[in-house]
Amino acid sequence: MVKTVFMVDDEPSVRYTVKQGLEALDPEFNVVPVESGEKCFEMLESNLVPDIILLDIMMPGMNGWEIQRRLKEKLEWRSIPIVFLTATGDHTSRKIGRMISEDYIEKPFKISELKQRIDKILQT
Amino acid sequence: MKRKFSLSLKLTFIVVTVSAIIILSLTYVNISNQKSFFEKNYSVRAIALAKSFDASIAFHDEFNDTQKLQNYIKNVSVSNPELLQISINVPDEVDVDSLKVYVSSDEDLIGNPSDEYNYESYILTIQTNDDTTYYSITDIEGSHLITVITPVNLSGEIAGTYEMTFSMDKDYKVFDVQMRNLIAISVFSLFILIFSFLFLLRRFVVKPIFVFRNAARLIGEGNLDTEINIASRDELGELAVAFDKMAKDLKKSRAKIERYNKTLERLLDQKDEFIGQLGHDLKNPLTPLVGLLPIIRDQEKDPKIKEHLDIIVHNVEYMRELIFKTLQLARLRSENTKFDFEDLNLKDGVDGVLESQQLYLREHMMKVENKIHKDVIVWADKLRLAELFNNLITNAVKYAPETGGTITINAKKEKNMVTVSIKDTGIGMASEQLEQIFDEFYKADKSTHEMDSSGLGLSICKRIVEKHGGRIWVESPGPGKGSTFYFTLKLVDTK
């Protein structure tokens, strides 16, 4: 079963790492690199709905918080699990992030750990 | 507390004592002078009388003419009312008895000798010098008597003695009044002295001192514009000038310190901001390293390259930890960082931490005992407290022997605080390390743990504990004997 993952991050190296890492660890993963929030919604509108969205917070244009809010606004996107994948590590962000998403992972992270956490979310 | 004595009280006591001593000694000297003046006066009178006797009884025969002598003495007594008694003592060959003559207001006593007096003894004390007189003063039933002994001088020869007793009562009466007046004046002047002294003391010393005291208080409270307006040209005036200068200097240095402080605060803010930004910017480029390197290493078949990759992965991990901890510390230091305090069950909190670390602890063969009583409720930030325990447990594991060890966690209630102890069986430390251990980038064992520890874990612990209003410290009996970390937390009253 193919697990489609949106990796939304403005940083190409992060998009690359997650794609290569996850796909190397588990061939069932299909990581779609997305470079911005705008692009993310474009893809969602074209009926490409992922199993999970990995979301950076600090991005030019639409930031992670905004993307999350807009995702929860629309009924057919509301159930997509979100994992924040961010360099923002302050207490408040972490706390809020954990509350409004499935998980909150701080960069840099181990791919194996990321995979573990995604698997856990997708299982339930 | 010791009793306080005011300055005026002390000075008044000294002034009163000194003036009382001076007045009393002056009075005493005055009395003595007056007395010796009286005595001299009576001696002079006695000598004058003796000379007139000498002249009137110039003839030897007249010694025996009692009637004549008595008449003469009567005349003398009338003109000398203070003369109470006169005895003429002559050597044995003269008929002594017939010569004892008394002068008294009581007529019966005149010419009747009394046996009470031993004239012989007086004769024995007579000296050949003409002017020598002896006197003694006796007080009998409240009246003051002076007895003067003077030689009987007949044709240039000492023939015996006159013994004259005068009453000094009249003089004493005058003298007493004088003394009373003197003492009254003394006491009066003493009071005047004390009151004027107190007035002057208040006006010129105590009041200015109060001014100084109030000014010092104001300055202590930080009001450096305080000025002392004492225009006197004495030492207090000089002190006031010096005091004002001190306040001005203090103001200057405070302004300087405030300037430095502001700069320092700005620099610290900049530093925190810089660290935050740097950390954030470092995290993104580190992501591919942390994410992909372990995968590459695991897939690598060549053992040599695999070994290289091992070292690289290890270093990247270290870098990751360093960035995490540095950022954490910078955030903990920041004023804007808020803690979410709540009532927490300490035992449950520790159990949670131990559960999450189960695997790690088992890997290192560490045994952990949580002896905290289930009733201990603390006022703490849950996540931060977990971080604190995590750091302390990781630390204990890091410095434990390779064969494993035991960590004992306990808590002791004291008033409104609880002291948590985390005891390990690790390498321990020397006394000089106990203080440094909480310093940033300090590592207990530099040689073997260079790449395992950021040296920031305990600094973070210290920050967390301080933000909770507690303190953290460590005790160790010495290297190789284990150590115990202690920290305090606020206790929630569960009554």
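Which residue of E3(A) is the bridge partner of Met7(A)? In this predicted model, the bridge partner of Met7(A) in E3(A) is Leu54(A). The pair belongs to the parallel arrangement of strand E1 (residues 3-8) and strand E3 (residues 52-55) of chain A, which are joined by four bridges.

Helix H1 (residues 12-25) of chain A packs on the sheet and touches E1, E2 and E3 of chain A. The direction of H1 makes about 175° with that of E2(A). Helix H3 (residues 64-73) of chain A also packs on the sheet, where its contacts are with E1, E3 and strand E4 (82-86) of chain A. For H3, the angle to the direction of E4(A) is about 175°.

The sheet itself is open and consists of five strands of chain A, in the order E2-E1-E3-E4-E5, with parallel pairing. Strand E2 (29-34) and E5 of chain A stand at the edges; each has a single partner strand, so one side of each is left without a neighbour in the sheet. On average, and with direction ignored, neighbouring strands of this sheet are turned by 20° against each other.

Backbone geometry was examined next. Most residues other than glycine have a negative phi, and most peptide bonds are trans. In chain A, the peptide bond from Lys107(A) to Pro108(A) is cis, with omega near -10°. Pro108(A) is placed in the loop between strand E5 (103-106) and helix H6 (111-123) of chain A.

In chain B, Met365(B) has a positive phi of about 55°, although this residue is not a glycine. Met365(B) is found in the loop that lies between helix H8 (358-363) and strand E7 (366-370) of chain B. Because 13 other C-beta atoms lie within 10 Å, Met365(B) is partly exposed. A positive phi, of about 50°, is also found at Lys415(B), which is not a glycine. The loop between strand E9 (405-414) and strand E10 (417-423) of chain B holds Lys415(B). With 6 other C-beta atoms within 10 Å, Lys415(B) is exposed.

The contact between the two chains takes 20 residues from chain A and 17 residues from chain B. On the side of chain B that touches chain A, the elements that give two or more residues are helix H5 (235-299) and helix H6 (303-333) of chain B. H5(B) gives the most to this side, with 13 residues. By residue class, the side of chain B that touches chain A divides into nine nonpolar, five polar and three charged residues.

Notes:
Residues are numbered from 1 along each chain as its sequence is written. Chains are lettered from A and ligands numbered from 1 in the order in which they are written. This is a predicted model: local features need pLDDT of at least 70, side-chain atom pairs count only at pLDDT 80 or more; totals for chains, interfaces and linings use all residues. A residue is buried if 20 or more other C-beta atoms lie within 10 Å of its own, exposed if 12 or fewer, and partly exposed in between; C-beta atoms are placed from the backbone. Two strands pair if DSSP finds at least two bridges between them. Axes are lines fitted to C-alpha atoms, for helices over the stretch in contact, and angles run from 0 to 180 degrees between N-to-C directions. Two residues are in contact if their C-beta atoms, placed from the backbone, lie within 7 Å. Ala, Val, Leu, Ile, Met, Phe, Trp, Tyr, Cys and Pro count as nonpolar, Asp, Glu, Lys and Arg as charged, and the others, Gly among them, as polar.
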